[in-house]
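Here is a short note for a colleague opening this structure for the first time. Please keep the 3D view at hand while reading the points below.

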Amino acid sequence: MITGKNYIGQTLKASGTNTYKTVNPKLNIENPTKFHDATNSEINEAVNLAWDAFKVYRKVSGAKRAEFLNAIADEILALDQTLIDMYMSESGLPEGRAIGERGRTVFQLRSFADLIHNEDWRDNIFDEAQPNREPLPKADLRKTSIPLGPVVVLGASNFPLAFSTAGGDTASALASGCPVIVKSHPMHSGTGELVASAIIKAMKITGMPNGVFSNLNGKSIKVGTALVKHPKVKAVGFTGSAKGGRALFDLASKREEPIPVFAEMGSVNPVVITPKALEKRSEALATQYANSITLGTGQFCTNPGLILTIDGECSQAFIEDLAKKTVNIEAQCMLHPNIKEGFVHNGAKVSSQKGAETIAKIETEVAPNYAPSQVVSVSGKDFLDNPKLQQEVFGPFSLVVKAKDEAELIKIIENLEGQLTGTIIAEEDEYAKLHNIVDALEDRVGRLIFNGVPTGVEVCPSMQHGGPYPASTDSRFTAVGTNSIKRWVRPVSYQSFPKALLPEALKSQY
């Protein structure tokens, strides 16, 4: 049952008078439950509980924390169809997507549980003492990673499960030994409350300290702002817009004690297609990329929003075929009326720029909150002259840039903002000529893809989901995969310490 209240640790509270409702975008109506914004006193209580819980939870063994994460996964699965129905009613996404995302969420939790069963993930380093070294003796030094403290997680609008309440940020922070306070996304607060109830149940089952997890509602930015400013919060995880991520980053930087904000803020994900690839498989590529552009109504941070080609007969034929295939795919529902509004506004902003030509757009009337796909084309010169053309359009939209030659193509890549991904589509006999393109992309992106599509982010140790600003606030870290745990810890060295006082992770080679 959904209450609309805030989880302050294990206790449900709703002392505030500000309320809101989520929206069923498919039916274009409000859902029935009223959600209560967390008050300042509830925010303080949640953070203080998390701080007290941290003193205990940081010492809980990896095996016990793994038990907790697996219990969360079990309890999410136990919600069964109730969770799936709530997910669909708040997102407009189909049942298959809901089931798939639930599976990804459970997989992430179990992956971190497997990771922390031993202490290797901490990158422990042992330097033995050399008391007889000349001219100076060397002390015994050991280094490990320890958790930062309470983490605030602000969930993503486009992934109500996998990047939200029990998503990758929460799973990795809990795995590291940090308590988590989630600021639930107002577009899917019901889904968030159900998942929060599963986490709370898992806490009780495994005996975790009260306050190791809280879930707070808030329609406006006030709750998130208060959380980021709170002196007992030690890090922030965010998935969303560049505007939102930058605002949080600035808030955290201005604190008396600045804290890290690990924000993943989207991308246009450039795709370079060589003339030879277009000559050999233009139709297949148009089909592949039309499907990728419209996948999930284009509401992925890895959506291919920018395609780079060299101008010519093959490229023009490809652009027209891509546009036709894209708009022939039936319009799909977007996550929320506000997201539809942003899609229309930003699409119009890009397509109205000098030199931009709309190749194809769904012109027929679509249902409310459904997205009319669009493909726009522009010359390389106009793209280089106008930074506004780098605007991310969150939805089924792609801009194709026609460079006059390879030199201009590389210049375009070099002048791109930081991106999550970069893709190269080419033929095998071109490999020797691709090094300059690879080098240029490598400097701008976090993940390079060859002869594929950027949509789809594998959860595994080698995944890098992050990139130079503004794709993320710190390109050294990933938001996906087990290495994302490194965001929530810091290194500490112990010099000449007796074994009895060392952290458990450093006792094995004493």
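1. A definition comes first: a polar contact is a pair of N or O atoms within 3.5 Å; within protein, one must be able to donate a hydrogen and the other to accept it. Please also note that the model is predicted.

2. Start with S267. The side chain of S267 comes within 3.0 Å of the backbone nitrogen of L420. A polar contact at 3.0 Å also links the side chains of S267 and N269.

3. Where does S267 lie? Its place is the loop that runs between β13 (261-264) and β14 (270-273).

4. Is S267 buried or exposed? Its relative accessible area is 6%, so S267 is buried; the cut-off for buried is under 20%.

5. Now the surroundings. Neighbours within four places in sequence are set aside here. S267 then touches C301, N303 and E392, and also Q419, L420 and T421.

6. Turn next to a helix pair. Two packed helices are described by an axis angle and an axis distance. For α13 (residues 406-414) and α14 (residues 435-442), the angle is about 15 degrees and the axes lie 8 Å apart. The two helices α13 and α14 are therefore roughly parallel to each other, and their crossing is left-handed.

7. Which residues make this contact? From α13 come L409, I410, I413 and E414; from α14 come N436, I437, A440 and L441. By type, the contact of α13 with α14 has six nonpolar residues, one polar and one charged.

Technical notes. Residues are numbered from 1 along each chain as its sequence is written. This is a predicted model: local features need pLDDT of at least 70, side-chain atom pairs count only at pLDDT 80 or more; totals for chains, interfaces and linings use all residues. Side-chain values use heavy atoms; hydrogens and water are left out. Axes are lines fitted to C-alpha atoms, for helices over the stretch in contact, and angles run from 0 to 180 degrees between N-to-C directions. Helices (H or I, at least four residues) and strands (E, at least two) are DSSP runs, numbered from the N terminus. Angles under 35 degrees count as roughly parallel, over 145 as roughly antiparallel, 65 to 115 as roughly perpendicular and the rest as oblique. A crossing is left-handed if the near helix is turned anticlockwise from the far one by less than a right angle, and right-handed if clockwise. Contact means heavy atoms within 4.5 Å. Ala, Val, Leu, Ile, Met, Phe, Trp, Tyr, Cys and Pro count as nonpolar, Asp, Glu, Lys and Arg as charged, and the others, Gly among them, as polar. Buried means under 20% relative accessible area, exposed over 50%, partly exposed in between (1.4 Å probe, protein chains only).
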